[in-house]
Amino acid sequence: MHNNTGLRGQPVVLVVDDDMAERLLIVETLLENNLAVEEAEDGVEALELFQRFSPDLVLMDVKMPRMDGFTACGEMRKLPGGIDTAIVLVTGLDDIASILRAFDVGATDFMTKPVNWPLLSHRVRYLLRARDAFRNLRQSEQRLSVAQKIAKLGNWDWDFEKDTVYSSNQMCALWGLDPVDGRFSHEMFLQCVHPDDNEAVRATVKNALEEKKPYRLEYKIQLADGSSRIIHEQAEVEYDTNGVPVSMHGTVQDISERKQAEEKIRLLAYYDALTGLPNRQLFSKYVEQALFTARRASSKVALLYVGVDRFKRINDSLGRSAGDQLLQLIATCLADSVRRSDIFGEFVVAKEPGLVLSRLTGDEFSILLTGVFEEESLSNVARRILEMLQKPFSVGGQEMNISCSLGISIYPGETDDAEALLKNADVAMAYAKQSGGNTFKFFARDMNDRAIERLNLEIDLKKALERDEFVLFYQPQIDLHSGKISGVEALIRWQHPERGLIAPLQFISIAEESGLILPIGAWVLNEACRQAYSWQQNGLAPIRMAVNISSYQFRQTGLATIVKQALDNSGLASSLLELELTESAIMQDIDTTIITLTRLKEVGVTLSVDDFGTGYSSMNYLKRFPLDTLKIDRSFVMDITTDPNDAAIITAIIALAESLGLKTIAEGVETQEQLQFMRQHLCDEIQGFFISKPMPADEVERFLVSGMTFC
Ligand code: C2E
Ligand code: MG
Ligand code: MG
């Protein structure tokens, strides 16, 4: 056996013949032509060598003992790599039956005996080249097929004349068809297209042929197993030299996963996860559309805002998940009512709740009605909805009764803007709630300007915290003994997106009534402490930070904990925080006040009474409270130099404070004379426009850096 088999990279030829002389001649000829050769004397040995050497070409006699050439050829084809090898069977010259059989068992070619020696090696080279081309083609087809599989991309060619469509394996896989020969009629593919899209696909193909234009199309196919896929198809027509269409080529891609992901994103962006209803963003689009149509058709649009009365309390007492369950039940109830005709009858154009019903936030739902209607019919609808929502809901195995409030805004009316229409309905609903709940109100018609204004602010205020619209200004306080800045008072401002900077007196009471004062107050505490500590970190001497505490906050349980948290979060020393309490807050429920004040003192903060002298303070109680400072109200300071009564009151307050061991700060000092008066009467500190107005943090910082004194 020759052992130069392919070592130098030559092609390997396996020569199989039981006739040793014949074999030798062939081998010698091939070796001379620089081919590597292996020899076998029958089919059995040939198969063994085939597996060992993976020859590029097999030259095999058909008639051999043990296993003939036909059988060996058939077996080789089944072996790994067997398809890529050229197998030439050597038959007798006139042995037509053998030649035919060679073809059947998969031979690449045949050669007849006696072998034409001078031509043999040339013949072999031709065969090897053909085999290489064949193998390259197969490899590139394989690569294409793998790529198509990864991309879920198939391709097809439609021959018009034969009306057959050749389709790639991947296309067959997408359509769930058996790719035996990959040829189908075009109609077969069309039949798989989902009924919803079928007509459109047929029309597109027809149009492409008529207009001679390529097309792109997305459609759904439905497979025999009931599953479906979304396909993106691109195709173009090919013409002969006379411009007659002869075929069409196209690619198809399975984009189901991408579509699913897109759908998920759309759901997250436009739908409320809890109820599956459109969210505010999507709903306001519907409202815009409705307004657009109404403007052109001179018809009307009505927005109904439904909110659950005292939902916060229900939610707090039930727990979050039961609260969610209740909201889901309300959503279902509203959606059912939209489908029914007895409540909305003449209104609802689309019976699909998803187009007219939305959950906007928390417990607020909205219904969009369009058409030509009277306000009276809206009243009926509103009444029916409220009645419907009064039926008991079963939440967590427990029956519960709720009531709702409903606000209505109508186009044409006060506005033609979708956002404003939504807000007006919200304002009307807030008004209905304020009027005791379980009722409905029309925006404007049932309300006066003041109520509208106030509720508008309340609605904006709800969003102000999360939109980060609050800022703190700081007003310096001066120690009259040293003339130096001893502290600052933090005063809140609301940077409203449309109305500009709003002073606290315009919104604090609204915040108090709506309960928003608690989160706002906590924000102020945190922000003030953070700022005070940050000044220290910027190298400024530590100063006291005074923060106003609303009476609602004072009565909130756990105030001391909230204060402590703000201190801990910021790193500010507790002795540098002063809480300003109002007389009215501390003079109610004395026992609780003492407990709260004591807890606060335990945290380490100082306590002052703001606007002292304007409320009613019992001396008996004042004595029992662990306070530090009295802040003399601005109204007394204002007229001290002209009104002897005020001067007397201030003198009395200072004397009182001294007897109780408390410090005094005079508020609202605007003139040199007022300052002079305070110093003469031994008031400890002053605060007022004479020194400075409240300023943003950076201005205060400059003020502090300047180290100014005021004596
Ligand atoms: P306040 O605590 O008595 O604060 C003093 C108010 O008097 C401030 O008004 C301040 O700008 C003003 N003021 C100071 N010096 C002078 C002066 O020389 N002349 C005049 N005419 N006014 C002066 P501001 O900032 O509008 O605050 C008003 C009230 O709003 C505060 O009265 C306080 O009760 C409340 N407030 C402010 N910030 C907060 C806060 O963060 N939480 C709470 N609960 N209430 C706050
Ligand atoms: Mg104050
Ligand atoms: Mg005050």
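The legends below describe close-up views of a predicted model.

Local features are given only where pLDDT is at least 70, side-chain atom pairs only at pLDDT 80 or more, while totals for chains, interfaces and linings use all residues. Residues are numbered from 1 along each chain as its sequence is written, chains are lettered from A and ligands numbered from 1 in the order in which they are written, and side-chain values use heavy atoms, without hydrogens and water.

**View 1. The site of the magnesium ion (ligand 2).** Glu489 (OE), Asn548 (OD1), Glu580 (OE) and Asp610 (OD) are the protein donors of this ion, at 2.0 to 2.3 Å. Donors are N, O and S atoms within 2.8 Å of the metal (3.2 Å for Na, K and Ca); water is not among the atoms, so sites may look incomplete. Along the chain the donors of the magnesium ion (ligand 2) are spaced E-x58-N-x31-E-x29-D. Glutamate 489 in strand S20 and glutamate 580 in strand S23 (residues 577–582) are 91 residues apart, and the pair links distant parts of the chain. Helices (H or I, at least four residues) and strands (E, at least two) are DSSP runs, numbered from the N terminus. Both glutamate 489 and glutamate 580 are buried. Buried means under 20% relative accessible area, exposed over 50% and partly exposed in between (1.4 Å probe, protein chains only).

View 2. Aspartate 611 belongs to strand S24 (residues 606–612) and glutamate 667 to the loop between strand S26 (663–666) and helix H27 (672–680), so the pair ties together parts that are 56 residues apart in sequence. Aspartate 611 is partly exposed, at 29% relative accessible area, whereas glutamate 667 is buried, at 11%. The phi of aspartate 611 is near 50 degrees, a positive value in a residue other than glycine.

**View 3. The surroundings of ligand 1.** Ligand 1 is surrounded by 22 residues, the closest being Glu489, Asn548, Asp610, Glu670 and Phe689; a residue counts as near if one of its heavy atoms lies within 4 Å. Polar side-chain atoms lie 2.8 Å from an oxygen atom of ligand 1 in aspartate 610 and 3.1 Å from an oxygen atom of ligand 1 in glutamate 667. In the side chain of glutamate 670, an N or O atom is 2.5 Å from a nitrogen atom of ligand 1. Ligand 1 taken alone exposes 790 Å², of which the protein buries 83% (Shrake-Rupley areas, 1.4 Å probe). Strand S20 (485–496) and S24 are the elements that give two or more residues to the shell, and S20 gives the largest share, four residues.

View 4. Cis peptide bonds, with omega about 0 degrees, join lysine 113 to proline 114 and tyrosine 411 to proline 412. Proline 114 is in the loop between strand S5 (109–113) and helix H5 (117–151). Proline 412 is in the loop between strand S17 (404–411) and helix H16 (418–434). Aspartate 163, in the loop between strand S6 (153–159) and strand S7 (164–167), has a positive phi near 45 degrees. Most residues other than glycine have a negative phi, and most peptide bonds are trans.

Technical notes: A polar contact is a pair of N or O atoms within 3.5 Å; within protein, one must be able to donate a hydrogen and the other to accept it, and residues adjacent in sequence count only if both atoms are side-chain atoms.
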